[in-house]
Amino acid sequence: MKQTALYEVHKKLGAKLTPFAGYDMPLYYDDISKEHLAVRSHSGIFDVSHMGEIYIQGQDALKFVNYIVTNNITDEKGKVTYALLLNEKGQILDDLLVYTIGHDDFVVVVNASNVEKDYAWILEQSKQFNVQLRNLSDIWSEVAIQGPDAESIVSQLFNDSIKSLKFMTFMNIPHLDQGVIISRTGYTGEDGFEIYAANHAVVDIFEKAVELGAKPCGLGSRDTLRFQANLPLYGHEIDMDIHPYTSGLKFAVKIDKAFIGKDALLNDESHKTKKLVGLELLERNIPRQGYKVFKGDKEIGYITTGYLLPHVDTPLAIALIDKDESTLGNEVTVQIRNKHIHAKVRNRKFLDKNYVK
């Protein structure tokens, strides 16, 4: 089992560790609900060093990145772009962020569970392009500082220049003996920053952020926060069997350019029969991923994510169901063990996001 550079810090803080994507990661330190509420009301800090960073450099870098991802990538330095990585069949291999370092330099940030698969795929596609690739995942660390107080904490850690950042932009700032990348991004629905640094530098950043008031948070609250903000997660609302449009990711697919899997994607009409919806349980129970959804005796879909959120009285879920059963207010049932629990279809807006745009 791998350990991030912050492993000893997590143990010192009393984290409950759990295996995730090949790493020993904090599930929580204190209590998932308290960590969730800290991010909503003040600030929290997450170790997300298990994420993967792939560096792409060379004369054809811009052309190549646009060929392998679905969104339009420009050479606008300091821009972060959300995109999808597809195979030739138009299936989603991963969702990712592209950081434009310069015209010939990009960093692609991929999901932890897909790092090796993604790197092998991207490397294979690069053979006809004048580019060089490096997998930096083992030498870079990443922390996310999220919440209403995030700007204050990050400006104290570095300097006030970070306040000029808008959502989905980044800057390079000197720190210790080298630079760090700071982006105004995150996965909680709150304002926040993600900080990429060398392994040896991230301990200093994490510990100082905690001293400044950021509450250490684990994977448990990371998932409840992103769910409440209706942010899809690979392996839940995104996978190879769910059409990107069904996942609500049409905005990240630019069909006016060429990319791997484009023709297959446009010929796949599965999104016309399935839809991701919000569900509100009408009885007290917890809807979990994979639980089946029924209309009468007919199975119409399944839960992708579900929780009873802190300070929310009603259990909520996101479900992939037949599109003709997706009308708001439609009453369905969720099979939980040997019972059918009543629920109704609702929108997926569980929270108003607080990004700085």
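Mentor: Let's begin with a definition: two strands pair if DSSP finds at least two bridges between them. Keep in mind that this is a predicted model.

Trainee: Thanks! In what order do the strands of the open sheet stand?

Mentor: First, the general idea: strands of a sheet pair through backbone hydrogen bonds, either parallel or antiparallel. Here, 6 strands make up an open sheet, ordered 10-11-12-9-3-13, and their pairing is mixed.

Trainee: Which strands stand at the edges?

Mentor: Those are strand 10 (170-175) and strand 13 (215-217). Each has a single partner strand, so one side of each is left without a neighbour in the sheet. On average, neighbouring strands of this sheet are turned by 25° against each other, with direction ignored.

Trainee: Do strand 10 and strand 11 run parallel or antiparallel?

Mentor: They run antiparallel, and 6 bridges join strand 10 to strand 11 (residues 178-183). To see this pairing for yourself, find His175, which stands opposite Gln178 in strand 11.

Trainee: Which strands does helix 2 lie across?

Mentor: Helix 2 (residues 32-41) lies across strand 3 (44-47), strand 9 (140-146) and strand 13, and runs at about 125° to strand 13. Now look at helix 6 (residues 199-211): it lies across strands including strand 10, strand 11 and strand 12 (192-198), and its angle to strand 12 is about 145°.

Trainee: Let's turn to the rings. How many aromatic pairs does the structure hold?

Mentor: There are 9 aromatic pairs. To read one, check the distance between ring centres and the angle between planes; planes under 30 degrees apart count as stacked. In the pair of Tyr82 and Phe251, the centres are 5.8 Å apart and the planes are at 20°, so this pair is stacked.

Trainee: Which parts does that pair tie together?

Mentor: Tyr82 lies in strand 5 (residues 80-86), and Phe251 in the loop between helix 7 (219-228) and helix 8 (262-267), so the pair ties together parts 169 residues apart in sequence. Tyr82 is buried, with a relative accessible area of 17%.

Trainee: What about Phe227 and Phe350: how is their pair arranged?

Mentor: That aromatic pair is tilted, with 5.2 Å from centre to centre and 45° between the planes. Phe227 lies in helix 7 and Phe350 in the segment after strand 19 (339-346), so this pair links parts 123 residues apart in sequence. Phe227 is buried at 0% relative accessibility, and Phe350 is buried at 13%.

Trainee: Which residues form one aromatic cluster?

Mentor: Tyr99, Trp140, Phe170 and Tyr196 do. As a last stop, visit Tyr245: the charged end of Lys250 sits over its ring, 5.1 Å from the centre.

Note on methods: Residues are numbered from 1 along each chain as its sequence is written. This is a predicted model: local features need pLDDT of at least 70, side-chain atom pairs count only at pLDDT 80 or more; totals for chains, interfaces and linings use all residues. Side-chain values use heavy atoms; hydrogens and water are left out. Rings of Phe, Tyr and Trp (its six-membered ring) pair if their centres lie within 6.5 Å; planes under 30 degrees apart count as stacked, over 60 as edge-to-face and the rest as tilted. Helices (H or I, at least four residues) and strands (E, at least two) are DSSP runs, numbered from the N terminus. Buried means under 20% relative accessible area, exposed over 50%, partly exposed in between (1.4 Å probe, protein chains only). A charge sits over a ring if NZ of Lys or CZ of Arg is within 6 Å of the ring centre and within 35 degrees of the ring normal. Axes are lines fitted to C-alpha atoms, for helices over the stretch in contact, and angles run from 0 to 180 degrees between N-to-C directions. Contact means heavy atoms within 4.5 Å.
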